[in-house]
Amino acid sequence: MAKPASSTATSRRKFLKYAAAGATAAISRPWPARADQKTITILHESSFIKPFDEYVTNTLAPAYEKETGIKVVYEVTSVGSLPTRISTIAETGSGADIAMNALLQIIQFGEKYLDVGDLAEEIGKAQGGWYDAGREAVQVNGQWKAIPFSNIGQLMNWRTDWFAEVGVKKFPDTWEELYEVGKKLKAKDHPFGFELGHGFGDNHGWLYPLLWSYGGAEVAADGKTVVIDSDETARAVDFCRKFFKDTMLDDVLGWTDVSNNKAWMAEQISCTNNAESILWFAKREFPEIGKVTDQAMNPAGPKGRFHLLNSISHSIFSFSPVREEARTFMHWLMQPKQLGGWYAVADSYYQPLLHGYDNAPMWNVEPRNIPYRDALANAHLPGWPAPASRQLAESVAKYIVVDMFAKACAGASTKDVIRNADAQLKEIYRSA
Amino acid sequence: MVTGHGRIEHIVRVWLPVAFFLVLALFPFYWMAITSIKPNAELYNKNVMPLIVRAPTLKHYVDLLTKSSFLLWTWNTMLVAAVATAISLVLGVMLAYPLARMRFAGAGLIAMTVAAIYLVPQPLLFIPLADVINRLGLGNTLTSVILTYPTMLVPFCAWLLLGYFKTVPKELEEAARIDGASRLQTMRQVFLPLCTPGFISAGIFAFTLSQNEFLYALIFLTKTTVRTVPVGVISELIRGDVFYWGQLMAGALLGSIPVALIYSFFVEHYVAGLTTGSVKG
C-alpha cells in the first residue's frame with residue numbers, strides 16, 4: 001500500500017530542511033582548527049636547482065621541527081603559477097603563511113603582508129648590512145613588506161670560443177663595442193639572441209639596463225612624472241634597433257624566457273642576457289658547451305652600467321593564524337647556519353643581498369658567477385629611479401618599455417614608439 | 001568495378017581528406033612521442049632532422065617515473081575524473097530529464113540558465129570556490145576538486161543530455177505508462193537504457209574535462225602527494241626558465257593514454273544510435 005501523500009510531503013520537507021541546515025552549517029563553519037601541532041606553510045617557486053628545494057624539505061624543515069616542535073611545510077609551484085596562488089591566498093585569507101615574492105609581487109600583494117622592518121633591520125645589522133638593492137626590493141611606502149632573500153641576477157652570457165674567432169678574449173665593456181663584435185659574429189653565422197617578446201624576465205633583464213645606461217627612464221624619482229619621452233630614450237631605442245638588425249636572429253621578437261636557453265643549447269646564438277640557468281644546465285647536460293660559456297656584467301652606456309634587480313623575498317601574510325611563529329621561523333631561517341647552507345646548495349644562482357656573504361665560500365665554487373655579486377651594486381627595479389608602486393607593476397605587466405623597443409626593432413619609427421609608450425605611461429601614472 | 005579514373009577520384013575525394021585530417025590529428029602525438037624518446041643532445045641539436053629520432057632513449061620515461069611522483073599524480077587524476085564524472089552524470093540526468101520530458105513553469109528559463117552557468121569562466125569562480133573549500137577544511141584533499149569539478153560538469157552534461165533526451169521518441173515512454181509502469185519505472189527501465197550512447201558521450205567529455213582541468217587543481221591541490229597530472233608536471237618539470245622537454249612530453253603522452261583507450265573502447269557505442277528503429281516492429 002502506498003504511503004499517504006501527506007507523509008511523503010512531510011518527509012521531503014524535512015529532507016530539504018535538514019539539507020539546507022547542513023549546507024548552511026558547513027559553509028558558515030568557522031575556519032578549521034589546526035591540529036595541536038603547529039604548522040607553518042611556505043609557498044615557493046619550484047627552483048630550477050632541485051637541491052635548493054630538497055634542502056628545505058630534507059634539512060631545514062626537519063631541523064626546525066626538532067628544535068621547536070613546529071612543522072614546516074614547503075609547497076612548490078611553477079614561477080608562472082605563483083601569482084595565481086598568492087592571489088588566491090590573499091583574497092581568501094587562507095592558505096600558506098609565508099610566500100615567496102618574485103618580480104614585483106611585493107607591490108601587488110604588499111597590503112596583505114606584515115611589516116617586518118624590525119626583523120629585517122636586526123638581520124641586516126648582524127650580517128654586514130643589506131645591499132641598497134635589498135631595501136629597494138622589499139620596501140613599499142617605507143615599510144619592509146618582506147625579508148629580502150636574494151637576487152636572481154641577469155648577466156651577459158657569451159661563447160668564449162666564438163668571440164675568440166673574431167679576436168675577442170674579454171667581454172666588450174660598452175654597448176657600442178658589443179655591437180661591433182656582434183656584427184662580426186653574425187657574419188660568421190653566430191648571431192646574438194636577446195629576448196624581445198613577452199616573457200617574464202629575460203626581456204626586462206636587458207632592456208631596462210639599456211634604457212638607463214643611455215640616461216632614459218620611465219618615470220622621475222617622484223614616482224609621478226612620466227619622463228620616457230626624452231632624447232636619451234630615443235638614443236637607446238635607436239641603438240636597440242641597429243643592435244637587433246645587425247647582430248641578432250630575427251625570431252627574438254617572439255621569444256619568451258625559455259627561448260634563449262634552448263637556442264644556447266642548440267648552439268644557435270653566441271651571446272644573450274640570462275640568469276645563471278644557462279651555465280648551470282649546460283655544465284650538466286652539455287659539458288662541451290658549458291666549457292665555452294662565460295658570464296659578464298652588462299655593457300656600459302654613455303650614462304653608466306646597470307643591471308635589473310630581480311629579487312626573491314619572503315613575506316608573512318598578516319592574516320596568518322601563526323604569524324608570530326612565522327616571524328620566529330623567518331628569524332631562524334635567516335641565521336648564517338641555515339641561510340649559508342641554503343645558498344650553498346644553489347651554486348650562487350641566488351645571490352645574497354646581505355654584505356656578510358660577499359666573500360662566502362659559495363662564490364669560490366664557480367668563479368664565472370662572481371659578476372652576479374658585483375652586479376648588485378648597480379641593480380634596480382624596473383621603474384627606477386621611481387620607488388616601487390602599483391603603477392610600476394602595471395607598466396611592467398603591460399610590457400610598455402619592452403614593446404617600445406620591440407616595435408622599433410620591428411620597423412616602427414623611434415618617434416612613434418616613444419610617443420605610444422609615453423601615452424600609455426601617462427594613462428597609468430595619472431592615478432599616482 | 002572501379003575504373004582508373006574512378007580510383008583517382010576516390011583517392012582525391014576520400015583518402016586525401018582522410019589522410020589530411022589524420023596527419024592533423026596525430027601529428028601532436030607523434031611530436032610528443034619522438035620528443036619523449038630523444039636524448040637531450042639530439043633534442044637541442046639544430047642540425048638534425050627534427051621529425052626522426054636517431055638514438056632513441058627511455059631516459060626521460062625512467063626519470064619521470066622514478067624521480068617524480070607521476071604515477072601517484074596519474075592515480076589521483078583518474079580517481080578524481082572518474083568520481084567527478086559519475087557525480088556529474090547522475091546530477092546531469094536529474095537536471096536534464098525534467099527539462100526534456102516534463103512541462104512546468106520556468107523550464108525554458110532553467111534550460112537557458114544551465115547553458116549560461118556553463119559559460120561562466122573559471123577565473124571568475126576560483127577565488128569564491130577557494131574560500132568555500134577552505135571554510136570546509138577541504139584544501140589539499142582530492143575531495144576539493146571532486147566537489148568543484150561538477151560545478152562545470154553538471155551544466156555541461158545536462159545540456160548535452162538534454163539534447164539527446166529530446167531525440168528519444170516519447171511513444172516508448174507512453175507505451176510503458178499505458179502498460180502500467182510508473183514514471184520512475186519508465187525512466188529507469190525504458191528511457192535511460194536507450195540513452196546509453198548519450199551517457200557515454202557526456203561521460204567521455206566530462207572525464208576528459210576533469211582529467212585536463214588545471215586552474216582548480218592548481219589552487220586547491222598544493223601538496224605533491226595530492227596533485228593531478230596537469231599541475232604536477234607543470235609545477236615540477238618546469239623549473240624557472242628551464243623546461244624538461246623530454247619528461248614533459250613523456251608525461252603528456254602517458255597522461256593521454258587512458259582517455260585514448262576509453263575513446264577507442266567505447267567508440268562503437270558512442271557512434272551507434274541505439275534508438276534507431278526502436279519504435280518499429
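Q: Let's start with L210(A): is it buried or exposed?
A: L210(A) is buried, because 23 other C-beta atoms lie within 10 Å; a residue is called buried if 20 or more other C-beta atoms lie within 10 Å of its own, exposed if 12 or fewer, and partly exposed in between, with C-beta atoms placed from the backbone. Bear in mind that this is a predicted model, in which local features need pLDDT of at least 70 and side-chain atom pairs count only at pLDDT 80 or more, while totals for chains, interfaces and linings use all residues. Residues are numbered from 1 along each chain as its sequence is written, and chains are lettered from A and ligands numbered from 1 in the order in which they are written.

Q: Which helix is L210(A) in, and what does it touch?
A: L210(A) is found in helix α9 of chain A, residues 204-213, where helices (H or I, at least four residues) and strands (E, at least two) are DSSP runs numbered from the N terminus. Leaving aside residues up to four places away in sequence, L210(A) touches W175(A), A236(A), C240(A) and G301(A), a contact being two residues whose C-beta atoms, placed from the backbone, lie within 7 Å.

Q: And how far is F306(A) from it?
A: The C-alpha atoms of L210(A) and F306(A) are separated by 7.6 Å, although the two residues are 96 residues apart along the chain.

Q: What about C240(A), what does that one touch?
A: With residues up to four places away in sequence again not counted, C240(A) touches L210(A), F405(A), A408(A) and C409(A).

Q: Which residues touch the most other members of the largest nonpolar core?
A: They are L211(A), C240(A), V401(A), M404(A) and F405(A), in a core of 138 residues; a nonpolar core here is a set of buried Ala, Val, Leu, Ile, Met, Phe, Trp, Tyr and Cys residues joined through C-beta atoms within 7 Å. Helix α19 of chain A, residues 400-409, gives the most to this core, with eight residues. At least three residues of the core come from each of domain 1 and domain 2 of chain A.

Q: Is there a second core, or what else is there?
A: A second, separate core has 55 residues, among them F191(B), F220(B), V233(B) and A252(B).

Q: Back to those domains, where do they run in chain A?
A: Domain 1 covers 39-152 + 310-372 and domain 2 covers 155-308 + 389-429, with bounds that come from an automatic or database domain assignment. Their centres, taken over C-alpha atoms, are separated by 28 Å. The contact takes 14 residues from domain 1 of chain A and 18 residues from domain 2 of chain A. On the domain 1 side, α4 (105-109) and α17 (370-375) of chain A are the elements that give two or more residues.

Q: What classes of residue make up that domain 1 side?
A: By class, the side of domain 1 of chain A that touches domain 2 of chain A has nine nonpolar, three polar and two charged residues; Ala, Val, Leu, Ile, Met, Phe, Trp, Tyr, Cys and Pro count as nonpolar, Asp, Glu, Lys and Arg as charged, and the others, Gly among them, as polar.

Q: Changing topic, what is the strand order in the sheet with β7 of chain A?
A: The order is β8-β7-β9 (chain A), in an open sheet of three strands with antiparallel pairing, and two strands pair if DSSP finds at least two bridges between them. The edge strands, each pairing on one side only, are β8 (271-274) and β9 (293-296) of chain A.

Q: Which residues are bridge partners there?
A: M156(A) has A296(A) in β9(A) as its bridge partner, and L155(A) has N274(A) in β8(A). Strand β7(A), residues 155-159, pairs with β9(A) over four bridges, and β7(A) and β8(A) also pair over four bridges.

Q: Last one: how many residues does each chain put into the contact between A and B?
A: The contact takes 30 residues from chain A and 26 residues from chain B. Elements giving two or more residues on the chain A side include α1 (5-27), β2 (71-77) and α3 (82-92) of chain A.
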